[in-house]
Amino acid sequence: MNRPLIISDCDEVLLHMVVPFKEWLEESQGIIFNLDGANFAEALRWQKSGTLLEAHEVWRMLGGFFDTEMSRQMPISGAVESINTLAQHADIVILTNLVDKRREMRAEQLAEHGIHAPVYTNQGPKGPALQKIVEELSPSRAFFIDDLPQHHHSVSETTPDVVRLHMCGEPMVAGAIDCAHKAGHADARIDRWTEALPWLMTKLEETPA
C-alpha cells in the first residue's frame, strides 16, 4: 500500500512571507505596507503620494520580491522540525501559488532551510491541482495544509475525502483570515505547529474509513 501524502502550502505555513515583503517594500521600494485585514489590494500605497498601487503594480512588486528577495523568508516557528517529523510517516509535497518558472527557486529555498520535498506550482484555486497530484501519486490517504480559506473551499469541492488543516502561522495576518473550519471547508483550524503536529500525527494514525 502506498504511504499517506501531505500536500502543504509554503508561504505563512512553512515560511514567513508578509513580514519580509513589507520590510522590503518599505526599505527599498518607496511603498507603505499597511495590511488592514487580509486584502492585499488595499494594503500598498506609494510613500510620496499616499495613493494606492494599482493591481498590476501590486503583482509586479510580488514578482520582484519572489525573484530577488526569497532569502528574506525565514521558517515559521516549528515548521521545519514538524514537516520533517511528518515525513517519517507520510510523503510530503509542496503546492505553492507561484508561477512555474519559480518552482526550482522554491524547491532550493526550502532545501536551504532543511525541507526536501517535490514542489508543484499553481495559479488560482488549488482544488484542481491537488486533485491531479492525488491521482498521480495514489496515496493511501491525503492531507492538505494551507493558510487561505478559498483553497480549502476549492479542495473540499474537488477532493472532499482529503483531510484539510487550515493554518496561518503569521500572527500579523492570522486574525484577519476567515476560518475555513468555521465555514465547513476544513477539518480544523490550527495556527501553531506545536498544536498542528500532534493533530496531524493523530489523524495519520487513524484507520481510514
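These notebook entries record what I looked up in a predicted model of one protein chain.

**Ground rules.** I number residues from 1 along each chain as its sequence is written, and my side-chain values use heavy atoms, with hydrogens and water left out.

**Overall form.** I looked up the secondary structure and found 8 helices and 8 strands, counted as DSSP runs (H or I, at least four residues, for helices; E, at least two, for strands) and numbered from the N terminus. The C-alpha atoms fill a box of roughly 60 × 35 × 30 Å along the principal axes. The radius of gyration of the chain is 17 Å, which agrees with the value near 17 Å for a compact globule of 209 residues; it is taken over C-alpha atoms, and the globule rule is 2.2 Å times the number of residues to the power 0.38.

**Two domains.** I find the chain divided into domain 1 (4–16 + 74–205) and domain 2 (18–72), with bounds that come from an automatic or database domain assignment. Their C-alpha centres lie 24 Å apart, and the contact (heavy atoms within 4.5 Å) takes 15 residues from domain 1 and 14 residues from domain 2.

**The interface.** Between them the domains bury about 1200 Å², 66% of it on carbon and sulfur atoms, where buried area is the accessible area (1.4 Å probe) that two parts lose on being put together, summed over both. In domain 1, Arg-102, Met-105 and Met-172 lose the most area to domain 2, together 37% of what that side buries.

I next asked which residue pairs with Arg-102 in a salt bridge. The partner is Asp-67, with the closest N and O atoms 2.9 Å apart, and the count of salt bridges between the two domains is 1; the term requires a side-chain nitrogen of Lys or Arg within 4 Å of a carboxyl oxygen of Asp or Glu. Helix H4 (103–112) and helix H7 (171–174) each supply at least two residues of the domain 1 side that touches domain 2, and H4 gives the most, with 3 residues.

**Salt bridges elsewhere.** Searching the whole structure, I find 11 salt bridges. One of them joins the side chains of Asp-9 and Lys-126 (3.0 Å, N to O). This pair links distant parts of the chain, 117 residues apart: Asp-9 is in the loop between strand S1 (5–8) and helix H1 (18–28), and Lys-126 is in the loop between strand S5 (119–121) and helix H5 (127–137).

Conventions
Predicted model: local features only at pLDDT ≥ 70, side-chain atom pairs only at ≥ 80, totals over all residues.
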